[in-house]
Amino acid sequence: MKKNQALRNTGLFFLFGGPSLIAFTLVFLIPFVVGVYLTFTKWDVINNDGSFVGFVNYVEVFRDSTFLTQLWFTIRYVFFTVIISNALAFLIALALTTGIKGERWLRTGYFTPNLIGGIVLGYLWQSLFSRVMPFLGQKYGWSLFETSWLTNTDKAFWALVIATAWQLAGYLMIIYIAGISGVPKDVIEAAKMDGAGNLTILRSVVLRLAIPAVVVCIFLSLSRSFLTYDLNLSLTKGGPFNSTELATYHIVQKAFLSNQYGIGQAEAIVLFIIVAAVALTQSYLLKKLEVES
Amino acid sequence: MLARRSFHFLKHVLIYAGLVVFLSPFLIVILNSFKKTQYFVENPIALPDTFSFANYADAFDKMNFLQGFINTLLITVLGVLVIILFSSMTGYLFVRFDWKVNKVLFFIMLAAMTVPFQVIMIPLVMLYGNLGLLDSKGILIFMYMGFGIPLGVFTFHGFIKGISYELEESSFLDGASRFRTFFQIVFPLLKPVVVTLVVLDVLWIWNDYLLPSLVLLSPANRTLPLSTYAFFSSYSVDYGPLMAGLVMTIIPVLILYLVLQDYVIKGISEGALK
(Lines give C-alpha, C1' and ligand atoms only; values in the text may rest on other atoms or scores of the structure.)
Protein backbone atom coordinates (compact mmCIF):
# COMPACT_ATOMS: atom_id res chain seq x y z
CA MET A 1 0.00 0.00 0.00
CA LYS A 2 2.77 2.39 1.04
CA LYS A 3 4.81 1.51 -1.99
CA ASN A 4 1.81 2.16 -4.17
CA GLN A 5 1.41 5.61 -2.68
CA ALA A 6 5.08 6.43 -3.28
CA LEU A 7 4.76 5.34 -6.87
CA ARG A 8 1.70 7.51 -7.35
CA ASN A 9 3.45 10.49 -5.84
CA THR A 10 6.43 10.04 -8.14
CA GLY A 11 4.05 9.90 -11.08
CA LEU A 12 2.33 13.11 -9.92
CA PHE A 13 5.68 14.82 -9.47
CA PHE A 14 6.77 14.08 -13.02
CA LEU A 15 3.37 14.82 -14.52
CA PHE A 16 3.04 18.25 -12.89
CA GLY A 17 6.69 19.16 -12.55
CA GLY A 18 8.44 17.25 -15.32
CA PRO A 19 8.19 19.55 -18.35
CA SER A 20 8.97 22.69 -16.30
CA LEU A 21 11.94 21.10 -14.60
CA ILE A 22 13.39 19.72 -17.82
CA ALA A 23 13.24 23.14 -19.51
CA PHE A 24 14.51 24.96 -16.44
CA THR A 25 17.41 22.52 -16.01
CA LEU A 26 18.47 22.44 -19.65
CA VAL A 27 18.09 26.17 -20.29
CA PHE A 28 19.05 27.67 -16.97
CA LEU A 29 20.69 25.35 -14.43
CA ILE A 30 23.19 23.52 -16.61
CA PRO A 31 24.35 26.64 -18.51
CA PHE A 32 24.65 28.47 -15.17
CA VAL A 33 26.90 25.80 -13.67
CA VAL A 34 28.90 25.44 -16.90
CA GLY A 35 29.17 29.24 -16.99
CA VAL A 36 30.72 29.43 -13.54
CA TYR A 37 33.10 26.60 -14.45
CA LEU A 38 33.96 28.35 -17.72
CA THR A 39 35.40 31.35 -15.89
CA PHE A 40 38.09 29.12 -14.42
CA THR A 41 39.22 27.72 -17.76
CA LYS A 42 41.18 29.02 -20.72
CA TRP A 43 38.33 28.21 -23.08
CA ASP A 44 38.10 29.98 -26.40
CA VAL A 45 36.53 28.95 -29.69
CA ILE A 46 39.73 28.61 -31.69
CA ASN A 47 41.88 26.56 -29.33
CA ASN A 48 39.05 24.61 -27.72
CA ASP A 49 41.38 24.42 -24.73
CA GLY A 50 39.44 23.71 -21.56
CA SER A 51 42.42 23.58 -19.21
CA PHE A 52 41.93 24.89 -15.70
CA VAL A 53 43.51 28.26 -14.99
CA GLY A 54 42.09 29.32 -11.60
CA PHE A 55 41.32 32.98 -11.13
CA VAL A 56 43.32 34.19 -14.13
CA ASN A 57 40.19 35.31 -16.01
CA TYR A 58 38.96 37.36 -13.06
CA VAL A 59 42.37 39.00 -12.69
CA GLU A 60 42.20 39.71 -16.42
CA VAL A 61 38.80 41.39 -15.97
CA PHE A 62 40.20 43.85 -13.46
CA ARG A 63 43.27 44.51 -15.59
CA ASP A 64 41.19 45.20 -18.68
CA SER A 65 41.11 48.98 -18.54
CA THR A 66 38.54 49.17 -21.35
CA PHE A 67 36.12 47.06 -19.33
CA LEU A 68 36.70 49.14 -16.20
CA THR A 69 36.11 52.39 -18.13
CA GLN A 70 32.92 50.94 -19.56
CA LEU A 71 31.81 49.68 -16.18
CA TRP A 72 32.22 53.19 -14.78
CA PHE A 73 30.34 54.56 -17.79
CA THR A 74 27.56 52.03 -17.07
CA ILE A 75 27.38 53.00 -13.39
CA ARG A 76 27.03 56.69 -14.26
CA TYR A 77 24.37 55.84 -16.85
CA VAL A 78 22.45 53.74 -14.31
CA PHE A 79 22.68 56.45 -11.65
CA PHE A 80 21.18 59.20 -13.78
CA THR A 81 18.65 56.91 -15.46
CA VAL A 82 17.33 55.66 -12.11
CA ILE A 83 17.02 59.16 -10.63
CA ILE A 84 15.43 60.80 -13.67
CA SER A 85 13.01 57.98 -14.51
CA ASN A 86 11.83 57.59 -10.92
CA ALA A 87 11.40 61.31 -10.31
CA LEU A 88 9.46 61.69 -13.54
CA ALA A 89 7.35 58.60 -12.88
CA PHE A 90 6.54 59.71 -9.34
CA LEU A 91 5.49 63.20 -10.47
CA ILE A 92 3.22 61.85 -13.20
CA ALA A 93 1.75 59.31 -10.78
CA LEU A 94 1.07 62.05 -8.22
CA ALA A 95 -0.67 64.16 -10.83
CA LEU A 96 -2.72 61.21 -12.03
CA THR A 97 -4.00 60.30 -8.56
CA THR A 98 -5.54 63.67 -7.74
CA GLY A 99 -8.79 63.29 -9.64
CA ILE A 100 -8.00 64.38 -13.19
CA LYS A 101 -10.49 63.94 -16.01
CA GLY A 102 -9.54 61.18 -18.40
CA GLU A 103 -7.17 59.53 -15.93
CA ARG A 104 -7.47 56.15 -17.59
CA TRP A 105 -6.47 57.43 -21.03
CA LEU A 106 -3.65 59.54 -19.65
CA ARG A 107 -2.27 56.47 -17.90
CA THR A 108 -2.58 54.48 -21.12
CA GLY A 109 -0.80 57.25 -23.03
CA TYR A 110 2.13 57.64 -20.67
CA PHE A 111 2.66 53.89 -20.70
CA THR A 112 2.88 53.58 -24.52
CA PRO A 113 6.71 53.79 -24.82
CA ASN A 114 6.87 50.44 -23.02
CA LEU A 115 5.25 48.61 -25.88
CA ILE A 116 8.38 48.87 -27.97
CA GLY A 117 11.58 46.94 -27.50
CA GLY A 118 15.08 48.36 -27.14
CA ILE A 119 15.89 48.06 -30.85
CA VAL A 120 12.89 50.12 -32.02
CA LEU A 121 13.38 52.52 -29.09
CA GLY A 122 16.96 53.13 -30.17
CA TYR A 123 16.19 53.76 -33.83
CA LEU A 124 13.32 56.05 -32.91
CA TRP A 125 15.59 58.23 -30.79
CA GLN A 126 18.46 57.91 -33.24
CA SER A 127 16.41 59.67 -35.92
CA LEU A 128 15.37 62.31 -33.39
CA PHE A 129 18.88 63.01 -32.16
CA SER A 130 20.65 62.83 -35.49
CA ARG A 131 18.04 64.52 -37.72
CA VAL A 132 15.14 66.22 -36.01
CA MET A 133 16.96 67.99 -33.18
CA PRO A 134 19.83 69.35 -35.32
CA PHE A 135 17.18 70.65 -37.74
CA LEU A 136 15.38 72.48 -34.93
CA GLY A 137 18.67 73.67 -33.45
CA GLN A 138 19.83 75.21 -36.70
CA LYS A 139 16.46 76.69 -37.54
CA TYR A 140 15.91 78.41 -34.20
CA GLY A 141 19.56 78.93 -33.27
CA TRP A 142 19.54 76.60 -30.21
CA SER A 143 23.23 75.85 -30.04
CA LEU A 144 22.66 72.87 -27.76
CA PHE A 145 20.98 70.96 -30.57
CA GLU A 146 22.89 72.28 -33.59
CA THR A 147 24.96 69.16 -34.05
CA SER A 148 23.84 65.59 -33.56
CA TRP A 149 24.17 64.47 -29.96
CA LEU A 150 25.33 61.07 -31.11
CA THR A 151 28.64 62.38 -32.45
CA ASN A 152 29.82 63.59 -29.06
CA THR A 153 30.60 61.27 -26.15
CA ASP A 154 29.10 63.40 -23.37
CA LYS A 155 25.95 64.18 -25.29
CA ALA A 156 25.59 60.59 -26.51
CA PHE A 157 25.68 59.60 -22.83
CA TRP A 158 22.68 61.84 -22.17
CA ALA A 159 20.96 60.54 -25.28
CA LEU A 160 21.14 57.04 -23.77
CA VAL A 161 19.87 58.29 -20.40
CA ILE A 162 16.98 60.23 -21.94
CA ALA A 163 15.80 57.38 -24.19
CA THR A 164 15.91 54.90 -21.30
CA ALA A 165 14.21 57.22 -18.82
CA TRP A 166 11.53 58.06 -21.37
CA GLN A 167 10.59 54.41 -21.63
CA LEU A 168 11.04 53.43 -17.99
CA ALA A 169 9.07 56.36 -16.57
CA GLY A 170 5.77 55.08 -17.98
CA TYR A 171 6.35 51.64 -16.50
CA LEU A 172 7.34 52.88 -13.07
CA MET A 173 4.42 55.33 -13.10
CA ILE A 174 1.99 52.38 -13.10
CA ILE A 175 3.62 50.95 -9.99
CA TYR A 176 3.74 54.35 -8.26
CA ILE A 177 0.04 54.89 -9.02
CA ALA A 178 -0.76 51.56 -7.35
CA GLY A 179 1.45 52.50 -4.39
CA ILE A 180 -0.03 55.98 -3.96
CA SER A 181 -3.65 54.82 -4.34
CA GLY A 182 -2.92 52.35 -1.56
CA VAL A 183 -2.33 55.15 0.95
CA PRO A 184 -5.48 55.22 3.13
CA LYS A 185 -7.57 58.38 2.70
CA ASP A 186 -8.22 58.73 6.45
CA VAL A 187 -4.50 58.96 7.17
CA ILE A 188 -4.26 61.91 4.78
CA GLU A 189 -7.39 63.48 6.28
CA ALA A 190 -5.98 63.09 9.78
CA ALA A 191 -2.75 64.77 8.73
CA LYS A 192 -4.74 67.65 7.23
CA MET A 193 -6.70 68.01 10.48
CA ASP A 194 -3.42 68.32 12.32
CA GLY A 195 -2.65 71.25 10.07
CA ALA A 196 -0.06 69.63 7.85
CA GLY A 197 0.58 71.39 4.54
CA ASN A 198 0.48 69.63 1.19
CA LEU A 199 4.24 69.28 1.01
CA THR A 200 4.45 67.86 4.51
CA ILE A 201 1.72 65.37 3.70
CA LEU A 202 3.56 64.37 0.56
CA ARG A 203 6.86 63.93 2.33
CA SER A 204 5.89 62.38 5.62
CA VAL A 205 2.70 60.52 4.72
CA VAL A 206 2.40 59.63 1.04
CA LEU A 207 6.07 59.03 0.33
CA ARG A 208 6.53 57.04 3.53
CA LEU A 209 3.54 54.80 2.99
CA ALA A 210 4.47 54.30 -0.66
CA ILE A 211 7.94 53.04 0.27
CA PRO A 212 7.22 49.47 -0.93
CA ALA A 213 6.44 50.91 -4.39
CA VAL A 214 9.62 53.01 -4.26
CA VAL A 215 11.70 49.96 -3.39
CA VAL A 216 10.22 47.96 -6.27
CA CYS A 217 10.64 50.83 -8.74
CA ILE A 218 14.24 51.56 -7.86
CA PHE A 219 15.01 47.86 -7.95
CA LEU A 220 13.39 47.48 -11.37
CA SER A 221 15.00 50.54 -12.88
CA LEU A 222 18.40 49.59 -11.46
CA SER A 223 18.42 46.08 -12.83
CA ARG A 224 16.91 47.05 -16.18
CA SER A 225 19.37 49.84 -16.83
CA PHE A 226 22.40 47.88 -15.61
CA LEU A 227 21.58 45.25 -18.22
CA THR A 228 20.75 47.54 -21.16
CA TYR A 229 21.92 46.13 -24.47
CA ASP A 230 19.46 46.54 -27.38
CA LEU A 231 19.13 50.30 -26.97
CA ASN A 232 22.88 50.68 -26.82
CA LEU A 233 23.23 48.72 -30.04
CA SER A 234 20.61 50.66 -31.99
CA LEU A 235 21.03 54.18 -30.59
CA THR A 236 24.79 54.72 -30.44
CA LYS A 237 26.27 51.38 -31.52
CA GLY A 238 28.88 52.06 -28.86
CA GLY A 239 30.07 55.15 -30.74
CA PRO A 240 31.54 57.65 -31.21
CA PHE A 241 34.81 55.67 -31.08
CA ASN A 242 33.58 52.97 -28.68
CA SER A 243 33.07 55.59 -25.98
CA THR A 244 29.46 54.69 -25.15
CA GLU A 245 29.69 50.94 -24.78
CA LEU A 246 27.71 49.75 -21.78
CA ALA A 247 28.82 46.64 -19.86
CA THR A 248 26.59 44.14 -21.67
CA TYR A 249 27.66 45.49 -25.06
CA HIS A 250 31.26 44.89 -24.07
CA ILE A 251 30.52 41.35 -22.86
CA VAL A 252 28.72 40.40 -26.07
CA GLN A 253 31.61 41.75 -28.15
CA LYS A 254 34.21 40.02 -26.02
CA ALA A 255 32.46 36.67 -26.21
CA PHE A 256 30.97 36.54 -29.67
CA LEU A 257 33.32 38.75 -31.70
CA SER A 258 36.67 38.23 -29.97
CA ASN A 259 35.67 34.67 -29.00
CA GLN A 260 37.07 35.07 -25.49
CA TYR A 261 34.36 33.08 -23.74
CA GLY A 262 36.19 32.68 -20.42
CA ILE A 263 36.89 36.38 -19.87
CA GLY A 264 33.50 37.41 -21.26
CA GLN A 265 31.78 35.05 -18.84
CA ALA A 266 33.91 36.29 -15.92
CA GLU A 267 32.85 39.85 -16.82
CA ALA A 268 29.20 38.79 -16.91
CA ILE A 269 29.52 37.33 -13.42
CA VAL A 270 31.27 40.45 -12.12
CA LEU A 271 28.43 42.54 -13.58
CA PHE A 272 25.85 40.26 -11.91
CA ILE A 273 27.55 40.60 -8.53
CA ILE A 274 27.62 44.40 -8.83
CA VAL A 275 23.93 44.57 -9.79
CA ALA A 276 22.94 42.22 -6.98
CA ALA A 277 25.00 44.13 -4.40
CA VAL A 278 23.59 47.53 -5.42
CA ALA A 279 20.01 46.25 -5.63
CA LEU A 280 20.12 44.52 -2.24
CA THR A 281 21.74 47.51 -0.53
CA GLN A 282 19.12 49.92 -1.83
CA SER A 283 16.19 47.78 -0.77
CA TYR A 284 17.76 47.20 2.67
CA LEU A 285 18.30 50.93 3.18
CA LEU A 286 14.89 51.98 1.89
CA LYS A 287 13.00 49.33 3.84
CA LYS A 288 14.38 50.83 7.02
CA LEU A 289 12.38 53.98 6.19
CA GLU A 290 9.18 52.00 5.90
CA VAL A 291 6.53 52.61 8.52
CA GLU A 292 3.75 50.32 9.58
CA SER A 293 0.51 51.61 8.12
CA MET B 1 -11.97 79.41 -4.50
CA LEU B 2 -10.99 81.07 -7.76
CA ALA B 3 -7.34 80.32 -7.08
CA ARG B 4 -8.24 76.74 -6.40
CA ARG B 5 -10.21 76.39 -9.59
CA SER B 6 -7.51 77.94 -11.74
CA PHE B 7 -4.97 75.62 -10.12
CA HIS B 8 -7.21 72.72 -11.03
CA PHE B 9 -7.40 74.01 -14.60
CA LEU B 10 -3.64 74.57 -14.82
CA LYS B 11 -3.04 71.03 -13.61
CA HIS B 12 -5.12 69.63 -16.45
CA VAL B 13 -3.33 71.78 -19.03
CA LEU B 14 0.06 70.68 -17.71
CA ILE B 15 -0.66 66.99 -17.62
CA TYR B 16 -2.23 66.93 -21.09
CA ALA B 17 0.51 69.11 -22.61
CA GLY B 18 3.02 66.85 -20.90
CA LEU B 19 1.48 63.85 -22.60
CA VAL B 20 1.75 65.49 -26.03
CA VAL B 21 5.44 66.26 -25.45
CA PHE B 22 5.94 62.76 -24.07
CA LEU B 23 4.43 61.14 -27.13
CA SER B 24 5.95 63.55 -29.68
CA PRO B 25 8.69 61.09 -30.71
CA PHE B 26 5.95 58.76 -31.94
CA LEU B 27 4.10 61.61 -33.67
CA ILE B 28 7.24 62.70 -35.53
CA VAL B 29 7.93 59.18 -36.74
CA ILE B 30 4.34 58.67 -37.93
CA LEU B 31 4.38 62.04 -39.68
CA ASN B 32 7.58 61.27 -41.56
CA SER B 33 6.60 57.76 -42.48
CA PHE B 34 4.33 59.33 -45.11
CA LYS B 35 6.99 61.62 -46.57
CA LYS B 36 9.77 61.09 -49.07
CA THR B 37 13.19 60.87 -47.43
CA GLN B 38 14.20 64.09 -49.17
CA TYR B 39 11.38 66.03 -47.45
CA PHE B 40 12.25 64.46 -44.11
CA VAL B 41 15.82 65.72 -44.40
CA GLU B 42 14.64 69.18 -45.47
CA ASN B 43 12.12 69.63 -42.69
CA PRO B 44 11.33 66.76 -40.33
CA ILE B 45 8.49 68.53 -38.57
CA ALA B 46 6.52 69.79 -41.57
CA LEU B 47 3.30 68.06 -42.49
CA PRO B 48 3.54 65.87 -45.59
CA ASP B 49 2.15 67.48 -48.79
CA THR B 50 0.55 64.25 -49.84
CA PHE B 51 -0.05 61.17 -47.77
CA SER B 52 1.77 58.39 -49.55
CA PHE B 53 1.99 54.77 -48.46
CA ALA B 54 4.96 54.18 -50.76
CA ASN B 55 7.34 54.00 -47.79
CA TYR B 56 5.20 51.32 -46.21
CA ALA B 57 5.18 49.18 -49.32
CA ASP B 58 8.92 49.67 -49.63
CA ALA B 59 9.66 48.76 -46.00
CA PHE B 60 7.24 45.82 -46.10
CA ASP B 61 9.30 44.28 -48.91
CA LYS B 62 12.80 45.13 -47.79
CA MET B 63 12.21 44.13 -44.17
CA ASN B 64 10.48 40.95 -45.21
CA PHE B 65 7.82 42.11 -42.78
CA LEU B 66 5.33 39.31 -43.26
CA GLN B 67 7.91 36.62 -42.55
CA GLY B 68 9.16 38.47 -39.47
CA PHE B 69 5.64 39.02 -38.23
CA ILE B 70 4.66 35.37 -38.59
CA ASN B 71 7.86 34.20 -36.88
CA THR B 72 7.40 36.60 -33.99
CA LEU B 73 3.73 35.71 -33.59
CA LEU B 74 4.45 31.98 -33.62
CA ILE B 75 7.30 32.21 -31.11
CA THR B 76 5.41 34.56 -28.79
CA VAL B 77 2.12 32.62 -28.80
CA LEU B 78 3.68 29.19 -28.33
CA GLY B 79 6.24 30.48 -25.84
CA VAL B 80 3.62 32.12 -23.65
CA LEU B 81 1.33 29.10 -23.94
CA VAL B 82 3.91 26.60 -22.68
CA ILE B 83 5.06 28.92 -19.91
CA ILE B 84 1.50 29.38 -18.60
CA LEU B 85 0.53 25.73 -18.94
CA PHE B 86 3.56 24.15 -17.31
CA SER B 87 4.32 26.77 -14.68
CA SER B 88 0.73 26.68 -13.41
CA MET B 89 0.97 22.88 -13.04
CA THR B 90 4.29 23.13 -11.25
CA GLY B 91 3.08 25.97 -9.05
CA TYR B 92 0.15 23.76 -8.05
CA LEU B 93 2.47 20.83 -7.33
CA PHE B 94 4.65 23.00 -5.09
CA VAL B 95 1.69 24.35 -3.11
CA ARG B 96 -0.30 21.16 -2.61
CA PHE B 97 2.56 18.78 -1.79
CA ASP B 98 4.99 20.09 0.75
CA TRP B 99 7.64 17.48 0.00
CA LYS B 100 11.20 18.42 0.71
CA VAL B 101 12.20 18.14 -2.95
CA ASN B 102 9.49 20.64 -3.88
CA LYS B 103 10.70 23.14 -1.31
CA VAL B 104 14.28 22.87 -2.54
CA LEU B 105 13.24 23.24 -6.19
CA PHE B 106 11.05 26.22 -5.41
CA PHE B 107 13.92 27.89 -3.61
CA ILE B 108 16.27 27.28 -6.56
CA MET B 109 13.73 28.86 -8.92
CA LEU B 110 13.38 31.91 -6.68
CA ALA B 111 17.15 32.30 -6.66
CA ALA B 112 17.25 31.87 -10.46
CA MET B 113 14.98 34.89 -10.88
CA THR B 114 17.77 37.16 -9.66
CA VAL B 115 20.28 35.90 -12.24
CA PRO B 116 20.36 38.08 -15.36
CA PHE B 117 20.37 36.60 -18.85
CA GLN B 118 23.88 37.97 -19.39
CA VAL B 119 25.26 35.31 -17.03
CA ILE B 120 23.62 32.48 -18.97
CA MET B 121 24.02 33.58 -22.58
CA ILE B 122 27.65 32.60 -23.26
CA PRO B 123 27.46 28.99 -21.96
CA LEU B 124 23.98 28.65 -23.48
CA VAL B 125 25.18 29.53 -26.97
CA MET B 126 28.31 27.43 -26.51
CA LEU B 127 26.44 24.29 -25.36
CA TYR B 128 23.57 24.45 -27.84
CA GLY B 129 25.95 25.47 -30.61
CA ASN B 130 28.17 22.44 -29.95
CA LEU B 131 25.13 20.20 -30.18
CA GLY B 132 24.10 21.87 -33.44
CA LEU B 133 20.79 22.98 -31.94
CA LEU B 134 20.90 26.67 -32.80
CA ASP B 135 18.93 28.41 -35.56
CA SER B 136 15.61 26.75 -34.75
CA LYS B 137 12.38 28.40 -33.69
CA GLY B 138 11.47 25.34 -31.64
CA ILE B 139 14.65 25.59 -29.58
CA LEU B 140 14.06 29.31 -29.06
CA ILE B 141 10.55 28.59 -27.74
CA PHE B 142 12.01 25.93 -25.44
CA MET B 143 14.54 28.49 -24.15
CA TYR B 144 11.79 31.04 -23.47
CA MET B 145 10.02 28.30 -21.54
CA GLY B 146 13.12 27.63 -19.44
CA PHE B 147 13.65 31.33 -18.72
CA GLY B 148 9.96 32.06 -18.12
CA ILE B 149 9.16 29.13 -15.81
CA PRO B 150 10.59 30.59 -12.54
CA LEU B 151 8.48 33.79 -12.63
CA GLY B 152 5.46 31.73 -13.69
CA VAL B 153 5.84 29.19 -10.90
CA PHE B 154 6.44 31.96 -8.35
CA THR B 155 3.33 33.89 -9.43
CA PHE B 156 1.02 30.85 -9.57
CA HIS B 157 2.42 29.56 -6.28
CA GLY B 158 1.47 32.80 -4.55
CA PHE B 159 -2.05 32.72 -5.93
CA ILE B 160 -2.84 29.00 -5.50
CA LYS B 161 -1.80 29.22 -1.81
CA GLY B 162 -4.91 31.34 -1.28
CA ILE B 163 -7.33 28.89 -2.89
CA SER B 164 -9.20 26.63 -0.47
CA TYR B 165 -8.64 22.90 -0.80
CA GLU B 166 -12.30 21.97 -0.21
CA LEU B 167 -13.34 22.42 -3.83
CA GLU B 168 -10.71 19.94 -4.95
CA GLU B 169 -11.65 17.44 -2.25
CA SER B 170 -15.23 17.23 -3.40
CA SER B 171 -13.98 16.67 -6.92
CA PHE B 172 -11.79 13.79 -5.73
CA LEU B 173 -14.84 12.30 -3.95
CA ASP B 174 -16.57 12.33 -7.32
CA GLY B 175 -13.74 10.14 -8.53
CA ALA B 176 -11.88 12.71 -10.65
CA SER B 177 -8.11 12.38 -10.98
CA ARG B 178 -5.63 15.00 -9.76
CA PHE B 179 -4.91 15.97 -13.37
CA ARG B 180 -8.57 16.45 -14.26
CA THR B 181 -9.30 18.27 -11.02
CA PHE B 182 -6.49 20.69 -11.72
CA PHE B 183 -7.77 21.60 -15.17
CA GLN B 184 -11.47 21.57 -14.34
CA ILE B 185 -11.52 23.13 -10.88
CA VAL B 186 -8.26 24.96 -10.20
CA PHE B 187 -7.12 26.32 -13.55
CA PRO B 188 -10.29 28.36 -14.25
CA LEU B 189 -9.76 30.15 -10.92
CA LEU B 190 -6.30 31.27 -12.02
CA LYS B 191 -7.56 33.68 -14.68
CA PRO B 192 -6.37 36.91 -12.99
CA VAL B 193 -2.78 35.63 -12.66
CA VAL B 194 -2.84 34.16 -16.15
CA VAL B 195 -3.69 37.61 -17.51
CA THR B 196 -0.84 39.19 -15.56
CA LEU B 197 1.65 36.65 -16.81
CA VAL B 198 0.44 36.79 -20.41
CA VAL B 199 0.97 40.56 -20.42
CA LEU B 200 4.46 40.40 -18.93
CA ASP B 201 5.56 37.49 -21.12
CA VAL B 202 4.13 38.86 -24.38
CA LEU B 203 5.89 42.20 -23.89
CA TRP B 204 9.11 40.36 -23.11
CA ILE B 205 9.14 37.78 -25.90
CA TRP B 206 7.66 39.97 -28.66
CA ASN B 207 10.30 42.65 -28.17
CA ASP B 208 13.29 40.54 -27.15
CA TYR B 209 16.39 41.03 -29.25
CA LEU B 210 19.49 39.59 -27.57
CA LEU B 211 18.40 35.95 -27.19
CA PRO B 212 16.98 35.55 -30.73
CA SER B 213 20.00 37.39 -32.16
CA LEU B 214 22.20 34.67 -30.67
CA VAL B 215 19.95 31.73 -31.52
CA LEU B 216 18.28 32.51 -34.86
CA LEU B 217 21.00 32.80 -37.46
CA SER B 218 19.30 32.47 -40.85
CA PRO B 219 17.31 35.41 -42.29
CA ALA B 220 14.24 33.21 -42.81
CA ASN B 221 13.95 32.72 -39.03
CA ARG B 222 14.21 36.39 -38.11
CA THR B 223 11.75 37.91 -35.65
CA LEU B 224 10.61 41.55 -36.01
CA PRO B 225 13.31 43.04 -33.74
CA LEU B 226 15.93 41.17 -35.77
CA SER B 227 14.55 42.29 -39.12
CA THR B 228 14.29 45.87 -37.85
CA TYR B 229 17.96 45.71 -36.95
CA ALA B 230 18.95 44.17 -40.29
CA PHE B 231 16.86 46.75 -42.15
CA PHE B 232 18.39 49.72 -40.32
CA SER B 233 21.95 48.55 -40.62
CA SER B 234 21.67 48.14 -44.38
CA TYR B 235 19.52 51.13 -45.38
CA SER B 236 20.61 53.65 -42.78
CA VAL B 237 20.21 56.73 -44.99
CA ASP B 238 16.78 56.04 -46.41
CA TYR B 239 14.72 57.58 -43.61
CA GLY B 240 11.28 57.43 -45.22
CA PRO B 241 10.97 53.64 -45.37
CA LEU B 242 12.81 53.35 -42.04
CA MET B 243 10.12 55.42 -40.31
CA ALA B 244 7.42 53.33 -41.96
CA GLY B 245 9.22 50.20 -40.79
CA LEU B 246 9.21 51.45 -37.19
CA VAL B 247 5.50 52.26 -37.34
CA MET B 248 4.73 48.80 -38.72
CA THR B 249 6.61 47.03 -35.93
CA ILE B 250 4.83 49.09 -33.29
CA ILE B 251 1.29 48.71 -34.66
CA PRO B 252 0.58 45.04 -33.78
CA VAL B 253 1.46 45.51 -30.09
CA LEU B 254 -0.29 48.87 -30.04
CA ILE B 255 -3.56 47.30 -31.21
CA LEU B 256 -3.28 44.54 -28.64
CA TYR B 257 -2.54 47.15 -25.99
CA LEU B 258 -5.51 49.36 -26.82
CA VAL B 259 -7.83 46.35 -26.59
CA LEU B 260 -6.33 45.04 -23.37
CA GLN B 261 -5.14 48.28 -21.75
CA ASP B 262 -6.80 47.73 -18.38
CA TYR B 263 -5.38 44.21 -18.12
CA VAL B 264 -1.94 45.44 -19.07
CA ILE B 265 -1.96 48.15 -16.40
CA LYS B 266 -3.35 45.72 -13.83
CA GLY B 267 -0.85 43.07 -14.87
CA ILE B 268 2.12 45.40 -14.46
CA SER B 269 1.14 46.79 -11.07
CA GLU B 270 0.14 43.44 -9.61
CA GLY B 271 3.15 41.70 -11.07
CA ALA B 272 5.45 44.25 -9.48
CA LEU B 273 3.97 44.71 -6.04
CA LYS B 274 3.71 41.03 -5.19
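Predicted model: local features only at pLDDT ≥ 70, side-chain atom pairs only at ≥ 80, totals over all residues.

Residues are numbered from 1 along each chain as its sequence is written, while chains are lettered from A and ligands numbered from 1 in the order in which they are written.

Let me begin with the interface. Here, 66 residues of chain A are in contact with 63 residues of chain B, where contact requires that the C-beta atoms of two residues, placed from the backbone, lie within 7 Å. Several helices of chain A each supply at least two residues to this side, including α4 (103-111), α5 (118-140), α6 (153-181) and α12 (261-289). Helices here are DSSP runs of H or I with at least four residues, numbered from the N terminus. Which helix gives the most to the side of chain A that touches chain B? It is α1(A), with 18 residues. By class, that side of chain A has 49 nonpolar, 13 polar and four charged residues. For these classes, Ala, Val, Leu, Ile, Met, Phe, Trp, Tyr, Cys and Pro count as nonpolar, Asp, Glu, Lys and Arg as charged, and the others, Gly among them, as polar.

I turn now to chain B. The axes of helix α3 (residues 54-62) and helix α13 (residues 239-272) of chain B come within 8 Å and cross at roughly 75°. These axes are lines fitted to C-alpha atoms over the stretch in contact, and angles run from 0 to 180 degrees between N-to-C directions. Among the residues making the contact are Tyr56(B) and Lys62(B) of α3(B), and Met243(B) and Met248(B) of α13(B). By class, this contact has six nonpolar, three polar and two charged residues.

Helix α7 (residues 137-160) of chain B has 24 residues and reaches 32 Å from its first C-alpha to its last, close to the 34 Å expected at 1.5 Å a residue. That expectation is 1.5 Å times one less than the number of residues. At Gly148(B), α7(B) bends by about 40°, and Pro150(B) follows within four residues. The bend is the angle between axes fitted to the seven residues ending at a position and the seven starting there. Of the 24 residues of α7(B), 18 are buried. A residue is buried if 20 or more other C-beta atoms lie within 10 Å of its own, exposed if 12 or fewer, and partly exposed in between, with C-beta atoms placed from the backbone.

Although not a glycine, Asp135(B) has a positive phi of about 60°.

Thr97(A), in the loop between α3 (65-96) and α4 of chain A, is partly exposed, with 17 other C-beta atoms within 10 Å. Thr97(A) and Ala178(A) are 81 residues apart in sequence and 9.4 Å apart in space, C-alpha to C-alpha.
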